[in-house]
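Morning, everyone. I'll walk through one structure today, cavities and pockets included. Have a look at it first.

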Amino acid sequence: MLKTSPFLVLALAFILSGCGGDSKPSVKIGMNLEMTGEIPAVGASSKNAAMLYFDKINANGGLKLGETTLPVDLTIRDNGAKADQAAGVAQQLISRLNVVAMIGPNSGGCASPAGEIAESLKCVMVSPWSTNPKTTMDTTSNLPKKYVFRGCFTDPFQARVLAKFAMNTLGAKKAAVLYDVASEAPLGQATLFKETFKASGGEIVAFETYTTGDKDFSAQLTNIRQGNPDIIFLPAYYNDVPLIAQQARRLGITVPLLGSDAWSSPEIIKLGGADVNGSYFCNHFSTQIATDEAKQFITDYTAKYGQAPDDVAALTFDSCGLVVEALKNAGKNDREAVREAFSQIREYKGVTGTFKFEPGSGDPIKSAVVLQIKDGAFVWVANALP
C-alpha cells in the first residue's frame, strides 16, 4: 500500500500530455528536470549530459543486460522547478511510463518530494545535484530511503568546507549571511554555515533573509554593512546572486562574497560581471583539474554543445553512469534488481571524482573544490577532501 503524503496526493492528480510509449523492448529511463522556472540552466545542463551519455550507448548498439542488448529509451519531463510538479512528474514517469530508474530532480525543493514518490513506488531515483540531506532520508522514520540516491556531496560537508575556507584561507573572523528563506536548499545551507562558522570560533554579525522573487535587498545589505563582516555568505541560486552583488557594491560593501554550489552556472558570470568578480564558491567539479576520463567528457560535451560542461552536467553524467552500473550488475531490466545492485555499489570512478558509498546510504563520500570567479571565468583555488 502506498505511503500517504501531500506530494503523493498531488502527484496522483497531476496529468501531463505525451504519455504514448514505444512497444519495442527497451530500457526506459526517466528524467525529472527543472527545464523552466527559476533555474532553467540547471535543467538544460542535466538534459545535455544525459543525452550525451545515452546517445553514445545507443550508437554502440544499446545496453547489454545479461545475454540481452536493449536500446535506452530516455524520457525527459519538465518539473518547472516546483515541488508539486516534481512529484507529479515522478508519478507519471514511474506509474504511467514504467521507467526502470529516474534521474533528477536536481534542486533540493524538488528532489525531496519526488524522492517520496520514488520510495513509495519502489523505483530507483538518483538526484545529481541535490545536496539537501532530506533528499535521501525518509521523513517519517528518519532513516535512509532505500530507493533514493544522489550524485553529489551533502550540505553538512559543504558547510564545513566553506566555513574552514572562510576562516583559514580568507582569514575571516566575522561573517554575515543572506539567504532566501522561502527556498529549502539556501535555508539549510545558511543554517549549517552559521552553526559551523560559530563552532569554529567565528562570529555571525548578521543573519538576513529575503523571499523568492525579491528585487530590493537594500535593507538587508544595510544591516550587513553595519555589522562590518569580513565575508558575506550568500547561498543563493545563480539567478539571484548578480542583483544582490550589484546592490552590495553600490552600498560600498567590498568584502568577498562566498557562495554554495548553487552558484555553479556560468550564467552567474554573464549576469554578474564585475560585481561578482573575486567571489568564491564551493563546487563539485572543475575542468582545470580533470582526470583523463573527465577530459574526454569535457571534449565530447564541448564538441556537441559548443560550451564546456558545468558541475550539473558532470554530476548528471556520473549519475547516468551509476544507473548503468547498477543495470549491468543487475543483469536485467527490473526495478527491484536495479535497486539491489545499486545498494551494493561501494566505489565508482566518475568524471567528478571517486564515489564511495557506505552500506545502507544513498549519499556518496566524495571531495569538493573551491572556485573563484576571476576575469570572467571559474578558477580552481583548492580541493577539499571528506
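One term before the pockets. A pocket here is an open set of grid points with protein on both sides within 12 Å along at least five of seven lines, and its lining residues have an atom within 4 Å of a point. Helices and strands are DSSP runs, numbered from the N terminus. And keep in mind that this is a predicted model.

So, the largest pocket. It holds about 710 Å³ of space. Its lining has 32 residues. Which of them lie nearest the centre? Those are Thr291, Gly350, Val351, Thr352 and Gly353. Helices H2, H10 and H11 each supply at least two lining residues, and so do strand E13, 347-350, and strand E14, 353-356. H10 gives the most, with five residues. By class, the lining divides into 14 nonpolar, ten polar and eight charged residues.

Next, the second largest pocket. Here we have about 450 Å³. There are 25 lining residues, and the closest to the centre are Ser264, Pro266, Ala308, Pro309 and Asp310. H2 turns up again: H2, helix H9, 267-272, and strand E16, 377-384, each supply at least two residues of this lining. The largest share is four residues, from H2. The classes are eleven nonpolar, ten polar and four charged.

How many cavities of 30 Å³ or more does a search of the whole structure find? One. The largest cavity has about 70 Å³ of space. Among its lining residues are Asn106, Ser107, Gly108, Trp129, Tyr237 and Asp261. That lining has four nonpolar, seven polar and one charged residue.

On to the core. The largest nonpolar core has 43 residues. Val27, Ile29, Phe54, Phe297, Leu327 and Phe342 touch the most other members. Several elements each supply at least two core residues, including strand E1 at 27-33, helix H2 at 40-59, helix H10 at 292-305 and helix H12 at 335-343. Helix H11 has the largest share, nine residues. As a general point, nonpolar side chains tend to be buried together in soluble globular proteins. Remember that H2, H10 and H11 also contribute to the lining of the largest pocket.

A word on the strands. E8, residues 174-180, pairs with E9, residues 203-210. The sense is parallel, over seven bridges. Alanine 176 stands opposite alanine 206 in E9. Between the two strands the chain runs through helix H6, residues 184-199, and this β-α-β crossover is right-handed.

Most residues other than glycine have a negative phi, and most peptide bonds are trans. What kind of peptide bond joins glycine 104 and proline 105? A cis one, with omega about 5 degrees. Proline 105 sits in the loop between E5 and helix H4, 108-121.

Then two asparagines. Asparagine 142 has a positive phi, near 60 degrees. You'll find asparagine 142 in the loop between E6 and strand E7, 148-150. Is asparagine 142 buried or exposed? Exposed, with a relative accessible area of 58%; the cut-off for exposed is over 50%. Asparagine 228 also has a positive phi, about 50 degrees. Asparagine 228 lies in the loop between helix H7, 218-227, and strand E10, 231-233.

That's my list. Questions, please.

Terms used:
Residues numbered from 1 in each chain as written. Predicted model: local features only at pLDDT ≥ 70, side-chain atom pairs only at ≥ 80, totals over all residues. Heavy atoms only, no water. 1 Å grid on protein atoms, 1.4 Å probe; cavity = no way out; pocket = protein on both sides within 12 Å on 5 of 7 lines; lining within 4 Å. Points joined across faces, edges and corners; volume = space filled by probe spheres on them. Nonpolar A, V, L, I, M, F, W, Y, C, P; charged D, E, K, R; others polar. Pairing = 2+ DSSP bridges. Right-handed = clockwise from strand over helix to strand, strands pointing away. Core = buried A, V, L, I, M, F, W, Y, C linked by side-chain atoms within 4.5 Å. Buried < 20%, exposed > 50% of the residue type's maximum accessible area, 1.4 Å probe, protein only.
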